[in-house]
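Here is a short report on one protein model.

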Amino acid sequence: MIMKCFSREAIDKEVLPGRVIQRAIGNNSFSRSQIMTVGFAHYSAEAGPMEPHQHAEEAIYVTGAKDGWVEYGPHKDNLETKVALKSGMVLHVPEGEWHVFRYASGGFVDIVFMYAQVM
């Protein structure tokens, strides 16, 4: 395999409940990988509200935010911590921690997400 260079604009957008994602690297992504997942996500009214979720350990880089925040905690119904987001922040989400991105009217959150490939 050789290095693959591409721009974000080349990656298809997929509207999922609560977010619009672009799968850059990983399984079923623009560039295939069996060991890692990297992509972009946009949270705004365009995709509707997001449900709290949990998954593999994840690293997140916030590329932009306007009146947006993350809520997290030990259970889907107990997201006890709320942190306002701004461009340049890095989030390290432990495996299995419940979290959700939210925003005020007219707001948004844009991120780059990275985690080990999960089949």
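## A loop between two strands

Asn28 is found in the loop between β2 and β3. Strands here are DSSP runs of E, at least two residues long, and helices are runs of H or I, at least four residues long; both are numbered from the N terminus. Phi of Asn28 is near 55°, a positive value in a residue other than glycine. Asn28 is exposed, because its relative accessible area is 58%. The classes are buried (under 20% relative accessible area), exposed (over 50%) and partly exposed (in between), with a 1.4 Å probe and protein chains only.

Ser31 lies in the loop between β2 and β3. Ser31 counts as buried because its relative accessibility is 6%. What does Ser31 touch, not counting residues up to four places away in sequence? Its contacts are Met1, Lys4, Phe6, Ala24, Ile25 and Gly26. A contact means heavy atoms within 4.5 Å.

## Basis of the model

This is a predicted model: local features need pLDDT of at least 70, side-chain atom pairs count only at pLDDT 80 or more, and totals for chains, interfaces and linings use all residues. Residues are numbered from 1 along each chain as its sequence is written, and side-chain values use heavy atoms, with hydrogens and water left out.

## Strands and pairing

The protein has seven strands and zero helices. Along the sequence the pattern reads β-β-β-β-β-β-β. Strands β1 (residues 14–16) and β2 (residues 19–25) run antiparallel and are joined by three bridges. Two strands pair if DSSP finds at least two bridges between them. β1 and β2 form a hairpin with two residues between them. Gly18, in the turn, has a positive phi of about 90°.

Ile21 links two pairings. Glu14 stands opposite Ile21 in β2. In β3, the bridge partner of Ile21 is Ala41. β2 and β3 (residues 36–43) pair in the antiparallel sense over five bridges.

## Strands β4 and β6

β4 (residues 58–73) pairs with β6 in the antiparallel sense, over four bridges. Ala59 has His92 in β6 as its bridge partner. In a regular strand the side chains alternate between the two faces of the sheet. β6 (residues 90–93) has a covered face, Leu91 and Val93. Its uncovered face holds Val90 and His92.

Asp67 sits in strand β4. Phi of Asp67 is near 50°, a positive value in a residue other than glycine. Is Asp67 buried, partly exposed or exposed? Asp67 is partly exposed, because its relative accessible area is 48%.

## Overall form

A compact globule of 119 residues would have a radius of gyration near 14 Å; the protein has 14 Å, which agrees. That radius is taken over C-alpha atoms, and the globule rule is 2.2 Å times the number of residues to the power 0.38. The C-alpha atoms fill a box of roughly 45 × 30 × 25 Å along the principal axes. Of the 119 residues, 40% are buried. Among contacts with a separation of 6 or more, 67% come from residues 24 or more positions apart.

The accessible surface comes to about 7200 Å², and 55% of it belongs to carbon and sulfur atoms. Areas come from the Shrake-Rupley method with a 1.4 Å probe; for residues, only the protein chains shown count as cover. The mean positions of the 11 positive and 14 negative charges are 5 Å apart. Lys and Arg count as positive, Asp and Glu as negative; His and the chain ends are not counted. Each charge is placed at NZ of Lys, CZ of Arg, CG of Asp or CD of Glu.
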